[in-house]
Amino acid sequence: MDPITLLTVVVLAVFVGFEVVSKVSSTLHTPLMSGANAIHGIILIGAITVAGQTLNLWLLTVALIAVVLATANLVGGFVVTDRMLKMFAPRKPAGADTKDATK
Amino acid sequence: MSLLSPEWTSILYLIAAVCFILALKGLSSPKTARRGNLIGAAGALLAVITVFLSARLDNIPAILIAIAVGSAIAAPISRRVEMTQMPQLVALFNGVGGGAAALVAVLELGNSEGPWVKVAVVFTMLVGAVSFSGSAVTVGKLQGLISSRPLIFPGLAVVMGAIVLAALVAGGFVVATGATGWAIALLLLGLLVGALLVLPVGGADVPIVISLLNAFTGLAVAASGIVLGNLLLVVAGTLVGASGTILTRAMASAMGRGVSGILFGAFKGGSTAGSTAQSDRPVRSSNPEDVAVLLNYAQRVVIVPGYGLAVAQGQHTIAELATTLEARGVEVVFAIHPVAGRMPGHMNVLLAEANVPYESLKEMAEVNPEFKNTDVALVVGANDVVNPAAKTSPGSPIYGMPILDVGEARQVVFLKRSMRPGFAGIENELLFDPKTTLLFGDAKDSLTKMLSAVNAL
């Protein structure tokens, strides 16, 4: 990849990253951290790429471990964030019963 | 086999990257947060489908099985874990993400060409390993497997410096020779650095470290994107690295700490370990019935919930108590310290789970001037966040942390399990104040008794 293009992308992404979270209230710090945590689980596509390019059994094993770990990060991250945020949703009094039922 | 042209692949990755930006944006506001998270998940799904369609991959059945295994492990844990244990879970997922990035980098070492790509490989391995072991230590601390007290020993700074230096040397050899042996040495040194970085951090600061390690993993993922020539990984990783850094600083300032002070404070000698001594000074303890009377005839009650409430699963009972008191004309508000619970915003999540209306939750800056006009401050399972030592004793490990001024209320009632000091391990002067009453016992149990006593009045 052309290093200058790469640098451009990185610098712009840094500014976007700073900007999108600059005005978040402390109430949402935990879900935001958890959501950002889920997003870096996208390393999964790197793990898949590596696992798909090797024919060596040992390397494949290590790559598959990486796939399992990355999937746990990605799937678990989004699920737990959603669970936290579900509680912030405006709800009717009846909502309390359904929640207790799922426990 | 490859169904997508490189152009289409890039466009789909671009869409996924936009989804991630929208996800972070959405997560910054309560109204759009949940939708934001779903957009992020959709972007991730799109990216994973794209990677299967864009390149000729071997071992597809094995990869699919590995994905199924990862999902089968993570999804049920995420659904079932108690909300009180959520910080550990976030740390755990962060750690395995960092570990995955480090492994990807090791495997790509043989294919990487050019010194800069090799530097990116080294960076990914080192930072990924630091994030993995650092997160493992935070999980241990939060779960109580390791003492939450700062773990320090003489010469720690020297040991740390030597290991970091060794890691840099190993990294240099990896770049120069590309030898697997050096790569493994680098990984092991990275693991050591991560553990030594987090072990000296005191319990109360652990959430900030989780956020910092989250940003680290983001950077490792971005570097792995450079290694693999994948722009989506570069963009997503950089986004998380940047937003994670901002978030870490916001959390630290909510606690009145500097990030470097938290990480390196222990290295500078001056121990942040609190005193463990339990004093035998007399305190005034009471029973649930008396506290119920006190609350019932108050004009204004401020409830300060803390981690003890969450542990006792008393959030539903306290919500009911608040409703009952309000029905009798008592003004009840919840004062939420920014770091109540184990993480910033953690207590809001727990109380929202118990159906406490969003408007009753007051942030610290809003509620602190109102304590003067408060009849009773009811502190349930909180300690460090109301400890006046943060203002009065410069030697205290929590000195400088903003606190809730419950001492200004006319009466203070503490619901506590025992006289044991809080998470930071320091004693609270306020407990011995003449206007303070203590009610010992499990928070939920005490609240239930108080609730029935109020109902009987």
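Modeller: Before we start, UniProt positions are given here in the numbering used for this model, with feature names shortened, and such annotations may be inferred rather than shown by experiment. With that in mind, the unreviewed UniProt entry lists residues 6–25, 32–51 and 57–81 of chain A under "transmembrane region".

Biologist: What kind of model is this, and how are things numbered?

Modeller: This is a predicted model, in which local features need pLDDT of at least 70 and side-chain atom pairs count only at pLDDT 80 or more, while totals for chains, interfaces and linings use all residues. Residues are numbered from 1 along each chain as its sequence is written, and chains are lettered from A and ligands numbered from 1 in the order in which they are written.

Biologist: What is the mean pLDDT of chain A?

Modeller: Chain A has a mean pLDDT of 84, with 83% of its residues at 70 or more, where pLDDT is the predictor's confidence in each residue, from 0 to 100.

Biologist: Where does pLDDT stay under 50?

Modeller: That happens over residues 91–103 of chain A, for which the model has 1 contact beyond four places in sequence; a contact means that the C-beta atoms of two residues, placed from the backbone, lie within 7 Å. Where pLDDT is low, the predicted coordinates should not be read in detail.

Biologist: How many residues of chain A are in contact with chain B?

Modeller: There are 75 from chain A, in contact with 90 residues of chain B, and H4(A) gives the most to that side of chain A, with 27 residues.

Biologist: New topic: why is B:Lys444 called buried?

Modeller: B:Lys444 is buried because 21 other C-beta atoms lie within 10 Å; the cut-offs are 20 or more for buried, 12 or fewer for exposed, and partly exposed in between, counting other C-beta atoms, placed from the backbone, within 10 Å of the residue's own.

Biologist: And which residues does B:Lys444 touch?

Modeller: Not counting residues up to four places away in sequence, B:Lys444 touches B:Ala312, B:Gln313, B:Gly314 and B:Thr317, and B:Lys444 itself lies in helix H17 (residues 443–456) of chain B.

Notes:
Helices (H or I, at least four residues) and strands (E, at least two) are DSSP runs, numbered from the N terminus.
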